[in-house]
Amino acid sequence: MSEVIYYSKEGLEKLKEELHFLKTEGRNQIAKAIAEARDKGDLSENAEYDAAKEAQGHHEAKISKLQEALASARLIDESKLDTSKVLALSIVKIKNVKNGATMQYQLVSETEADLKAGKISVKSPIAKGLLGKSVGDTVEIAVPAGKIEFEVLEISR
């Protein structure tokens, strides 16, 4: 059985939309590509046909992976989460103790992670170090550049 992955409402909707797209429009596009390649003649020497069939295999594998993720997905009710400590879906404002730089991240599932949007995976080194901490706590986290000490300034949803 696969591992349970917790999603925000937004993340779960995004996952469902992508799966729907792949099952409908995505499959139609693949079928058209296969039909066009088939119309070009002898299938035994048709590289386009082979490529289209291979693309179909990759497409179906992606659909299968998303279905599995959806089956193990759980929605987190953000209104019932404790804001006294850092949990999944927490928005955490932290300060680098050494240089005083502040950052704000939301801890999300791996599939929702998007650094540009300020969303980091709960499995990332920074998130793992912050989980369970409270406002005012300092934590030393091992990152690829070495160890960095952070102070938790604020926790919200």
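Hi everyone, let's start with the sheet: five strands make an open sheet in the order E5-E4-E3-E7-E6, and the pairing is mixed. At its edges stand E5 (119–121) and E6 (138–143), each with a single partner strand, so one side of each is left without a neighbour in the sheet. On average, neighbouring strands here are turned by 45 degrees against each other, direction ignored.

A quick word on the model before I go on. This is a predicted model, in which local features need pLDDT of at least 70 and side-chain atom pairs count only at pLDDT 80 or more, while totals for chains, interfaces and linings use all residues. Residues are numbered from 1 along each chain as its sequence is written, and side-chain values use heavy atoms, with hydrogens and water left out.

Helices (H or I, at least four residues) and strands (E, at least two) are DSSP runs, numbered from the N terminus. Two strands count as paired if DSSP finds at least two bridges between them. For the angle I just quoted, axes are lines fitted to C-alpha atoms, for helices over the stretch in contact, and angles run from 0 to 180 degrees between N-to-C directions.

Now, let's look at E3. E3 and E7 run antiparallel and are joined by six bridges. Within that pairing, Ile91 stands opposite Ser156 in E7, and Asn96 has Phe150 in E7 as its bridge partner. E3 also pairs with E4 (residues 102–108), again in the antiparallel sense, over five bridges. There, Val92 has Tyr105 in E4 as its bridge partner. As a reminder, strands of a sheet pair through backbone hydrogen bonds, either parallel or antiparallel.

What do E3 and E4 form together? They form a hairpin with five residues between them, and Gly100 in the turn has a positive phi of about 80 degrees. Leu89 has a positive phi as well, about 75 degrees, although it is not a glycine. In general, most residues other than glycine have a negative phi. Leu89 sits in the loop between strand E2 (73–75) and E3. Is Leu89 buried or exposed? Leu89 counts as buried, at 1% relative accessibility. By the cut-offs, buried means under 20% relative accessible area, exposed over 50%, and partly exposed in between (1.4 Å probe, protein chains only).

On to the salt bridges. The rule asks for a side-chain nitrogen of Lys or Arg within 4 Å of a carboxyl oxygen of Asp or Glu, and by this rule the count comes to six. Let me show you some of them. Lys62 and Glu18 meet through their side chains at 3.5 Å, N to O. Lys62 lies in helix H2 and Glu18 in helix H1 (residues 9–38), so this pair ties together parts that are 44 residues apart in sequence. Lys62 is partly exposed at 43%, and Glu18 is partly exposed at 33%.

Another salt bridge joins the side chains of Glu60 and Arg27, at 2.8 Å, N to O. Glu60 is in H2 and Arg27 in H1, so the pair ties together parts 33 residues apart in sequence. Glu60 has a relative accessible area of 31%, which is partly exposed.

Lys95 belongs to E3 (residues 91–96) and Glu151 to E7 (residues 146–156), so to speak of distant parts of the chain, they are 56 residues apart. How much space lies in it? About 420 Å³, where a volume is the space filled by probe spheres set on grid points joined across faces, edges and corners. On a 1 Å grid over the protein atoms alone, a cavity is a set of points where a 1.4 Å probe fits but cannot get out, whereas a pocket is an open set with protein on both sides within 12 Å along at least five of seven lines, and lining residues have an atom within 4 Å of a point. Of the 19 lining residues, Ile5, Ala69, Ser109, Glu110 and Thr111 are the closest to the centre of the largest pocket. Strand E1 (5–7) and helix H2 (47–71) are the elements that give two or more residues to this lining, and H2 provides the largest share, five residues.
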